[in-house]
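Hi,

Here is the structure I said I'd pass on.

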Amino acid sequence: MPIRSLTSQTDLFRRAAEEASVALSKWLSRPTSITINQVSVLPITDAAGVLGVTDSPLVACAMQITGLFSGLLVLTSDDASGLALADMLLGREIGTSTEWTEVEQSAAVETANIIGCAYLNAMAGDPQANPNAVAEPLLPSPPWFIRDYAAAVMQGILMAQASVADDVFLTHTDFCVDDMPGKCSLLFIPEADDLG
Amino acid sequence: MAEIGVGRDDGQLRTFVGSCVGVAIYNRRRKLAGMAHVMLPESKGRKTQPGKFADTAIPELLRQLGALCRGEPVRWSAKLAGGAKMFAFQSGMTIGDQNVAAIEQLLGQLDIPILAKCCGGEQGRRIALDVATGTMTVETMGAEPQRF
């Protein structure tokens with residue numbers, strides 16, 4: 001199925017996000033909620049600003065996807081939310097972690113793995129996206145952790161689509177976890193070759 | 001992203017770059033400066049966003065600067081920052097490397113010297129170009145700003 005036709009398939013991405021939310025809730029043993037903010041084709045400048053920040057630090061765990069679609073799946077957060085997630089995972093009081101040591105980075109990467117795999121498995125198993133679910137899975141690479149200016153991170157995320165089009169397609173889902181000070185966001189950006 | 005800005009006399013032109021490259025062209029004596037945020041090396045005939053590609057951004061930047069000095073001949077200089085490899089899974093010659101190479105080639109063809117360059121690495125950069133002096137301030141997260 002061409003990705004561009006998926007812009008009208010908000011329910012497909014909602015189901016995938018709900019599966020990811022369930023997985024995150026189990027992983028953290030806390031209630032979570034989701035908000036689907038975007039399933040759309042946007043001018044690249046608008047797409048770069050979907051998270052609403054430019055010069056603040058952004059933490060991102062990016063996974064390359066292959067299979068049914070190729071592209072990127074990226075879990076992002078601000079420092080406070082990402083470090084709070086790490087504290088939850090490590091059984092610490094929220095606010096204990098104040099910097100991104102190897103331990104906190106590992107917690108973020110594992111969380112991205114959990115959310116990402118649940119999201120992709122739900123999509124690959126959905127007959128709306130993949131009538132041949134068994135034949136064409138969606139496979140993520142190990143997540144890669146970066147922390148940088150939000151604008152610079154977004155450039156890297158959007159570059160593959162930007163190289164062949166002026167507009168980009170993305171989905172943007174926010175996850176809120178009980179006791180987390182902010183939110184984390186999951187961005188799905190297929191490669192332009194798959195845009196159909 | 002993919003934007004072009006010019007100024008004269010005072011003020012700053014600012015942008016963020018990851019794999020993109022900020023190309024500053026300026027003349028200190030006339031207090032004229034401009035900056036393009038180049039995302040990709042080649043337009044391949046596309047004209048919708050001239051600031052996006054090195055081969056369309058630089059001519060458009062020079063055109064806008066030329067309009068500010070009413071077409072009088074000006075000796076321009078350039079400074080570059082950006083072209084980072086933002087994700088480790090990018091392999092081979094990255095988009096950032098290609099951007100820098102394309103910009104260097106184009107500026108060379110136009111006989112515009114590159115007086116400073118802060119490119120490559122794996123970190124994004126915050127760039128500010130002082131219009132009056134052509135001084136470029138480059139910041140990476142967690143490090144002291146560098147001035148060129």
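Keep in mind that this is a predicted model. I started with two helices of chain A: the axes of helix 3 (residues 79-89) and helix 4 (residues 102-124) come within 9 Å and cross at roughly 90 degrees. Angles of 65 to 115 degrees count as roughly perpendicular, so that is what helix 3 of chain A is to helix 4 of chain A. On the helix 3 side, the contact is made by Leu83(A), Leu85(A), Ala86(A) and Leu89(A), and helix 4 brings in Glu104(A), Ala107(A) and Thr111(A). By class, that gives 5 nonpolar, 1 polar and 1 charged residues.

Next, the cores. The largest nonpolar core has 50 residues, and Ile157(A), Leu158(A), Met39(B) and Met136(B) have the most contacts inside it. Helix 5 (residues 150-162) of chain A gives the largest share of this core, with 9 residues. Another core, of 42 residues, lies apart from it and includes Ala17(A) and Phe175(A).

Then the charged pairs: there are 11 salt bridges over all chains. One of them joins Asp55(A) to Arg126(B), with the closest N and O atoms 3.5 Å apart. That pair crosses between chains, from a loop of chain A to strand 7 (residues 125-130) of chain B. Asp55(A) is partly exposed, at 38% relative accessibility, and Arg126(B) is partly exposed too, at 25%. Asp87(A) and Arg92(A) also meet in a salt bridge (3.6 Å, N to O). Here Asp87(A) is buried, at 0% relative accessible area, while Arg92(A) is partly exposed, at 30%.

Cheers

Terms used:
Residues are numbered from 1 along each chain as its sequence is written. Chains are lettered from A and ligands numbered from 1 in the order in which they are written. This is a predicted model: local features need pLDDT of at least 70, side-chain atom pairs count only at pLDDT 80 or more; totals for chains, interfaces and linings use all residues. Side-chain values use heavy atoms; hydrogens and water are left out. Axes are lines fitted to C-alpha atoms, for helices over the stretch in contact, and angles run from 0 to 180 degrees between N-to-C directions. Helices (H or I, at least four residues) and strands (E, at least two) are DSSP runs, numbered from the N terminus. Angles under 35 degrees count as roughly parallel, over 145 as roughly antiparallel, 65 to 115 as roughly perpendicular and the rest as oblique. Contact means heavy atoms within 4.5 Å. Ala, Val, Leu, Ile, Met, Phe, Trp, Tyr, Cys and Pro count as nonpolar, Asp, Glu, Lys and Arg as charged, and the others, Gly among them, as polar. A nonpolar core is a set of buried Ala, Val, Leu, Ile, Met, Phe, Trp, Tyr and Cys residues joined through side-chain atoms within 4.5 Å. Buried means under 20% relative accessible area, exposed over 50%, partly exposed in between (1.4 Å probe, protein chains only). A salt bridge is a side-chain nitrogen of Lys or Arg within 4 Å of a carboxyl oxygen of Asp or Glu.
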